[in-house]
Amino acid sequence: MDKYNDIQQEAIDERIDSFIRGTMTEEEETAFKEEIKADPELRAQVLATISLIKGIRTQEAEKEKVLFQKNTKNKARSIMLWACSIAALFVILFGVYKEKRYRDLSAIVSPYYSEYSMSEYSRGDDIDSVTVAHLYTLFNNIKEQRNVSDIIEELEPIYASLDSDIAYSTYANDISLNLALAYIKDDQIDNAIPVLKKLEEDNPDAPIAAKAKELLKKLQE
């Protein structure tokens, strides 16, 4: 399965490269643009690749400008170009590592996302409707957004107040699980583990505990 996913990702990477280089046919480019609009993860990969290339090009252009203005000697120019190449390689490798890490973590949490229905959870009063609408937005953004740091900052105080805040305590398990998912997606594994352990301990034999246990096992493999 992993080999299949790797082959599939290689095909996607080749299409992204062809799109950025402008070697697609007009029909292929039009179809690919539609895919980018419909697929947030594909759009994020394309933007990340473009940003990486632009950063490298900008860095190289600045280095060349400095070398030209200072009219350095050939030896110094060679050293600077070598350093620039090493720096560019580091940027590429680091970018590739971060992208792979993001995909790996997203693959871990992906099976545990669930649709959060306001009609299913709401008790019907106005205050509760506001609470559920707020949680609905946060939980679905965890699934859809690449950068979830702002969502984590918003969920952390809610999670910390579950014992005293009646409005949110009704949804304690959902809040705990989704905060853990956000932590994992943001590569904050050390923060996710205690949340999952507490979720498992507080809900023995419940389905939510089984999910927490599975996630803990995957994180500790």
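1. In which helix does T131 lie? The answer is α6, which covers residues 126-144. Please keep in mind throughout that this is a predicted model.

2. Is T131 buried or exposed? With a relative accessible area of 6%, T131 is buried, because that value falls under the 20% cut-off. Setting aside neighbours within four places in sequence, the contacts of T131 are A167, Y168 and Y171.

3. Next, have a look at helix α7, residues 149-160. Its 12 residues reach 17 Å from the first C-alpha to the last, close to the 16 Å expected at 1.5 Å a residue. The buried residues in α7 are I151, I152, L155 and I158. Viewed down the axis of α7, the buried residues fall within an arc of 130°, so they line one face of the helix. As a reminder, an α-helix has 3.6 residues a turn, so residues three or four places apart point the same way. On the face of α7 turned away from the buried side sit the exposed residues D150, E153 and A160.

4. Finally, the pairing of α10 (residues 189-202) with α11 (residues 207-219) is worth a look. Their axes come within 8 Å and cross at roughly 150°, and the crossing of α10 past α11 is left-handed. From α10, the residues I189, I193, L196, K197, L199 and E200 take part, meeting I208, A209, A212, K213, L215, L216 and L219 of α11. By type, the residues of this contact between α10 and α11 divide into 10 nonpolar, 3 charged and no polar.

Technical notes
Residues numbered from 1 in each chain as written. Predicted model: local features only at pLDDT ≥ 70, side-chain atom pairs only at ≥ 80, totals over all residues. Heavy atoms only, no water. Helix = DSSP H or I, 4+ residues; strand = E, 2+ residues; numbered from the N terminus. Buried < 20%, exposed > 50% of the residue type's maximum accessible area, 1.4 Å probe, protein only. Contact = heavy atoms within 4.5 Å. Axes fitted to C-alpha atoms, helices over the stretch in contact; angles between N-to-C directions. Left-handed = near helix turned anticlockwise from the far one by under 90°. Nonpolar A, V, L, I, M, F, W, Y, C, P; charged D, E, K, R; others polar. Expected span 1.5 Å × (residues − 1). Arc of directions from axis to C-beta.
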